[in-house]
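Reader: I've got a structure open and I'd like to learn how to read it. Can you walk me through it?

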Amino acid sequence: MLLRAVLLPVTAASRRDLLERLVQLVVGLFLYGVALGFMVRGGIGVSPWDVLALGLAGQTGVGYGNMTVLISIAVLLLWIPLRQRVGLGTVLNALLVGPSADLALAVIPAPDSVWIGAPMFVFGMLLLAFATGLYIAADFGPGPRDGLMTGLVRRTGWAVWLVRTLIEGGVLLVGFLLGGPVGVGTVLFAFGVGPLIGWFLPRITRMRESRSRHLASAPRT
(Lines give C-alpha, C1' and ligand atoms only; values in the text may rest on other atoms or scores of the structure.)
Protein backbone atom coordinates (compact mmCIF):
# COMPACT_ATOMS: atom_id res chain seq x y z
CA MET A 1 0.00 0.00 0.00
CA LEU A 2 2.85 2.40 0.80
CA LEU A 3 4.48 1.81 -2.60
CA ARG A 4 1.17 2.41 -4.35
CA ALA A 5 0.84 5.71 -2.51
CA VAL A 6 4.33 6.80 -3.59
CA LEU A 7 4.78 5.28 -7.06
CA LEU A 8 2.79 6.08 -10.18
CA PRO A 9 1.35 2.93 -11.80
CA VAL A 10 2.83 1.77 -15.10
CA THR A 11 0.18 1.00 -17.69
CA ALA A 12 0.59 -0.11 -21.29
CA ALA A 13 -1.55 -1.29 -24.18
CA SER A 14 0.72 -4.32 -24.65
CA ARG A 15 4.22 -5.56 -23.93
CA ARG A 16 5.38 -4.12 -27.24
CA ASP A 17 3.86 -0.77 -26.32
CA LEU A 18 5.62 -0.82 -22.95
CA LEU A 19 8.97 -1.68 -24.55
CA GLU A 20 8.64 1.02 -27.22
CA ARG A 21 7.72 3.64 -24.62
CA LEU A 22 10.67 2.63 -22.44
CA VAL A 23 13.03 3.03 -25.40
CA GLN A 24 11.42 6.39 -26.20
CA LEU A 25 11.89 7.49 -22.57
CA VAL A 26 15.57 6.54 -22.43
CA VAL A 27 16.33 8.05 -25.86
CA GLY A 28 14.54 11.24 -24.87
CA LEU A 29 16.48 11.57 -21.63
CA PHE A 30 19.78 10.83 -23.36
CA LEU A 31 19.09 13.46 -26.02
CA TYR A 32 18.10 15.90 -23.29
CA GLY A 33 21.54 15.51 -21.75
CA VAL A 34 23.20 15.93 -25.16
CA ALA A 35 21.16 19.09 -25.67
CA LEU A 36 22.43 20.48 -22.37
CA GLY A 37 25.97 19.75 -23.52
CA PHE A 38 25.47 21.77 -26.72
CA MET A 39 24.01 24.69 -24.80
CA VAL A 40 26.83 24.72 -22.26
CA ARG A 41 29.45 24.54 -25.01
CA GLY A 42 27.67 27.37 -26.83
CA GLY A 43 29.06 29.73 -24.22
CA ILE A 44 26.31 32.36 -24.40
CA GLY A 45 24.47 31.40 -21.21
CA VAL A 46 22.38 28.44 -20.08
CA SER A 47 18.96 27.69 -18.58
CA PRO A 48 18.27 28.80 -14.98
CA TRP A 49 18.69 25.28 -13.56
CA ASP A 50 22.01 24.91 -15.39
CA VAL A 51 23.16 28.31 -14.10
CA LEU A 52 22.62 26.81 -10.64
CA ALA A 53 24.32 23.51 -11.51
CA LEU A 54 27.36 25.19 -13.04
CA GLY A 55 27.56 27.69 -10.19
CA LEU A 56 27.52 24.93 -7.59
CA ALA A 57 29.96 22.86 -9.66
CA GLY A 58 32.38 25.78 -9.72
CA GLN A 59 32.09 26.33 -5.98
CA THR A 60 32.39 22.68 -4.94
CA GLY A 61 34.58 21.06 -7.59
CA VAL A 62 31.89 18.48 -8.32
CA GLY A 63 31.46 17.85 -12.06
CA TYR A 64 28.54 19.43 -13.91
CA GLY A 65 26.83 16.12 -14.68
CA ASN A 66 27.15 14.83 -11.12
CA MET A 67 25.91 18.15 -9.77
CA THR A 68 22.88 17.91 -12.08
CA VAL A 69 22.09 14.50 -10.58
CA LEU A 70 22.53 15.81 -7.02
CA ILE A 71 20.21 18.75 -7.70
CA SER A 72 17.62 16.38 -9.15
CA ILE A 73 17.79 14.23 -6.01
CA ALA A 74 17.48 17.34 -3.81
CA VAL A 75 14.42 18.44 -5.79
CA LEU A 76 12.88 14.99 -5.39
CA LEU A 77 13.26 15.33 -1.62
CA LEU A 78 11.10 18.45 -1.87
CA TRP A 79 8.39 16.24 -3.36
CA ILE A 80 7.89 14.53 0.01
CA PRO A 81 5.95 17.32 1.76
CA LEU A 82 4.11 17.97 -1.51
CA ARG A 83 3.02 14.30 -1.62
CA GLN A 84 3.98 13.96 -5.25
CA ARG A 85 3.99 10.45 -6.69
CA VAL A 86 7.18 9.25 -8.38
CA GLY A 87 7.20 7.54 -11.76
CA LEU A 88 9.84 5.47 -13.51
CA GLY A 89 10.48 8.42 -15.79
CA THR A 90 11.05 10.63 -12.75
CA VAL A 91 13.80 8.39 -11.40
CA LEU A 92 15.49 7.84 -14.76
CA ASN A 93 15.34 11.58 -15.45
CA ALA A 94 17.20 12.26 -12.21
CA LEU A 95 19.86 9.63 -12.92
CA LEU A 96 20.45 9.76 -16.70
CA VAL A 97 20.40 13.39 -17.80
CA GLY A 98 23.54 14.43 -15.89
CA PRO A 99 25.78 11.60 -17.16
CA SER A 100 24.46 12.13 -20.70
CA ALA A 101 25.39 15.81 -20.47
CA ASP A 102 28.89 14.91 -19.24
CA LEU A 103 29.31 12.49 -22.15
CA ALA A 104 28.24 15.19 -24.60
CA LEU A 105 30.66 17.70 -23.08
CA ALA A 106 33.47 15.16 -23.42
CA VAL A 107 33.00 14.87 -27.18
CA ILE A 108 31.68 18.30 -28.21
CA PRO A 109 34.58 20.76 -28.69
CA ALA A 110 34.42 24.31 -27.40
CA PRO A 111 33.70 26.75 -30.26
CA ASP A 112 36.33 29.20 -31.45
CA SER A 113 33.91 32.14 -31.58
CA VAL A 114 30.42 33.25 -30.63
CA TRP A 115 29.42 32.87 -34.28
CA ILE A 116 29.83 29.13 -33.82
CA GLY A 117 28.75 29.03 -30.18
CA ALA A 118 25.42 30.79 -30.72
CA PRO A 119 24.17 28.31 -33.37
CA MET A 120 25.33 25.46 -31.08
CA PHE A 121 23.18 26.89 -28.30
CA VAL A 122 20.16 27.28 -30.58
CA PHE A 123 20.59 23.71 -31.85
CA GLY A 124 20.83 22.52 -28.24
CA MET A 125 17.61 24.31 -27.32
CA LEU A 126 15.79 22.81 -30.31
CA LEU A 127 17.09 19.36 -29.41
CA LEU A 128 16.08 19.86 -25.78
CA ALA A 129 12.52 20.75 -26.79
CA PHE A 130 12.32 17.65 -29.01
CA ALA A 131 13.80 15.45 -26.28
CA THR A 132 11.35 16.87 -23.75
CA GLY A 133 8.49 15.90 -26.04
CA LEU A 134 9.90 12.38 -26.36
CA TYR A 135 10.25 11.64 -22.66
CA ILE A 136 7.00 13.33 -21.58
CA ALA A 137 5.00 11.58 -24.31
CA ALA A 138 6.38 8.23 -23.13
CA ASP A 139 4.13 8.82 -20.09
CA PHE A 140 6.22 7.45 -17.23
CA GLY A 141 5.83 10.40 -14.89
CA PRO A 142 7.15 13.97 -14.76
CA GLY A 143 10.76 15.00 -14.31
CA PRO A 144 11.88 16.21 -10.86
CA ARG A 145 11.63 19.91 -11.71
CA ASP A 146 8.28 19.64 -13.49
CA GLY A 147 6.89 17.64 -10.59
CA LEU A 148 8.03 20.29 -8.13
CA MET A 149 6.14 22.89 -10.12
CA THR A 150 2.91 20.89 -10.43
CA GLY A 151 3.09 19.90 -6.76
CA LEU A 152 3.42 23.52 -5.65
CA VAL A 153 0.58 24.55 -7.95
CA ARG A 154 -1.66 21.90 -6.42
CA ARG A 155 -0.73 22.76 -2.82
CA THR A 156 -0.82 26.56 -3.13
CA GLY A 157 -3.55 27.06 -5.70
CA TRP A 158 -1.36 29.63 -7.44
CA ALA A 159 -1.23 29.97 -11.22
CA VAL A 160 1.23 27.77 -13.10
CA TRP A 161 3.01 30.77 -14.64
CA LEU A 162 3.53 32.35 -11.20
CA VAL A 163 4.93 29.18 -9.60
CA ARG A 164 7.16 28.51 -12.62
CA THR A 165 8.44 32.09 -12.58
CA LEU A 166 9.19 32.01 -8.86
CA ILE A 167 11.04 28.70 -9.10
CA GLU A 168 13.06 29.61 -12.18
CA GLY A 169 13.76 33.13 -10.93
CA GLY A 170 14.94 31.89 -7.54
CA VAL A 171 17.13 29.21 -9.08
CA LEU A 172 18.61 31.73 -11.53
CA LEU A 173 19.39 34.24 -8.77
CA VAL A 174 21.12 31.67 -6.57
CA GLY A 175 23.08 30.27 -9.52
CA PHE A 176 24.16 33.75 -10.61
CA LEU A 177 25.36 34.60 -7.09
CA LEU A 178 27.37 31.37 -7.12
CA GLY A 179 29.08 32.37 -10.36
CA GLY A 180 26.95 30.44 -12.87
CA PRO A 181 27.05 31.69 -16.48
CA VAL A 182 24.19 34.06 -17.28
CA GLY A 183 24.01 35.52 -20.78
CA VAL A 184 21.85 36.16 -23.79
CA GLY A 185 21.28 32.41 -24.05
CA THR A 186 19.61 32.44 -20.64
CA VAL A 187 17.09 35.01 -21.87
CA LEU A 188 16.66 33.16 -25.16
CA PHE A 189 15.96 29.95 -23.26
CA ALA A 190 13.48 31.64 -20.91
CA PHE A 191 11.36 32.96 -23.79
CA GLY A 192 12.03 30.33 -26.44
CA VAL A 193 11.92 26.89 -24.87
CA GLY A 194 8.24 27.02 -23.88
CA PRO A 195 6.93 27.67 -27.41
CA LEU A 196 9.32 25.07 -28.83
CA ILE A 197 8.12 22.41 -26.39
CA GLY A 198 4.57 23.52 -27.14
CA TRP A 199 5.21 22.73 -30.81
CA PHE A 200 6.96 19.38 -30.35
CA LEU A 201 5.02 17.87 -27.44
CA PRO A 202 1.49 17.63 -28.88
CA ARG A 203 2.78 16.22 -32.16
CA ILE A 204 4.93 13.57 -30.50
CA THR A 205 2.11 12.75 -28.07
CA ARG A 206 -0.36 12.24 -30.92
CA MET A 207 2.07 9.91 -32.70
CA ARG A 208 2.71 7.96 -29.50
CA GLU A 209 -0.99 7.63 -28.71
CA SER A 210 -1.75 6.54 -32.26
CA ARG A 211 1.00 3.92 -32.08
CA SER A 212 -0.27 2.66 -28.72
CA ARG A 213 -3.81 2.33 -30.06
CA HIS A 214 -2.49 0.40 -33.04
CA LEU A 215 -0.57 -1.98 -30.79
CA ALA A 216 -3.61 -2.43 -28.54
CA SER A 217 -5.76 -3.47 -31.49
CA ALA A 218 -3.13 -5.65 -33.18
CA PRO A 219 -3.70 -9.42 -32.87
CA ARG A 220 -1.38 -11.11 -30.39
CA THR A 221 0.83 -13.89 -31.69
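This is a predicted model: local features need pLDDT of at least 70, side-chain atom pairs count only at pLDDT 80 or more; totals for chains, interfaces and linings use all residues.

Reader: How many helices and strands does the chain have?

Author: Nine helices and zero strands. The radius of gyration is taken over C-alpha atoms, and the globule rule is 2.2 Å times the number of residues to the power 0.38. Here the radius is 18 Å, close to the 17 Å the rule gives for 221 residues, so the chain is as compact as a globular protein of that length.

Reader: Is Arg208 buried or exposed?

Author: Buried means under 20% relative accessible area, exposed over 50%, and partly exposed in between (1.4 Å probe, protein chains only). Arg208 sits in helix α9 (residues 184–217) and counts as buried because its relative accessibility is 8%. Contact means heavy atoms within 4.5 Å. Leaving out residues up to four places away in sequence, Arg208 touches Asp17, Glu20, Arg21, Gln24, Ala137 and Leu215.

Reader: Which residues of α7 are buried?

Author: Pro144, Gly147, Leu148, Met149, Gly151 and Val153. The buried residues of α7 pack against α4, α5 (88–107) and α8 (160–177). For helix length, the expected span is 1.5 Å times one less than the number of residues. Helix α7 (residues 144–156) has 13 residues and reaches 18 Å from first C-alpha to last, close to the 18 Å expected. Just after α7, Gly157 takes a positive phi of about 80°.

Reader: Which residues form the nonpolar patch on the surface?

Author: Patches are made of residues with over 30% relative accessible area and no salt bridge; like charges are joined within 9 Å, nonpolar side chains (Val, Leu, Ile, Met, Phe, Trp, Tyr) within 5 Å. A salt bridge is a side-chain nitrogen of Lys or Arg within 4 Å of a carboxyl oxygen of Asp or Glu. Areas come from the Shrake-Rupley method with a 1.4 Å probe; for residues, only the protein chains shown count as cover. The patch here is Leu70, Ile73, Leu77 and Ile80, with about 390 Å² of accessible area together. Ile80 lies in helix α4 (residues 64–82) and, at 62% relative accessibility, counts as exposed.

Definitions and conventions
Residues are numbered from 1 along each chain as its sequence is written. Side-chain values use heavy atoms; hydrogens and water are left out. Helices (H or I, at least four residues) and strands (E, at least two) are DSSP runs, numbered from the N terminus.
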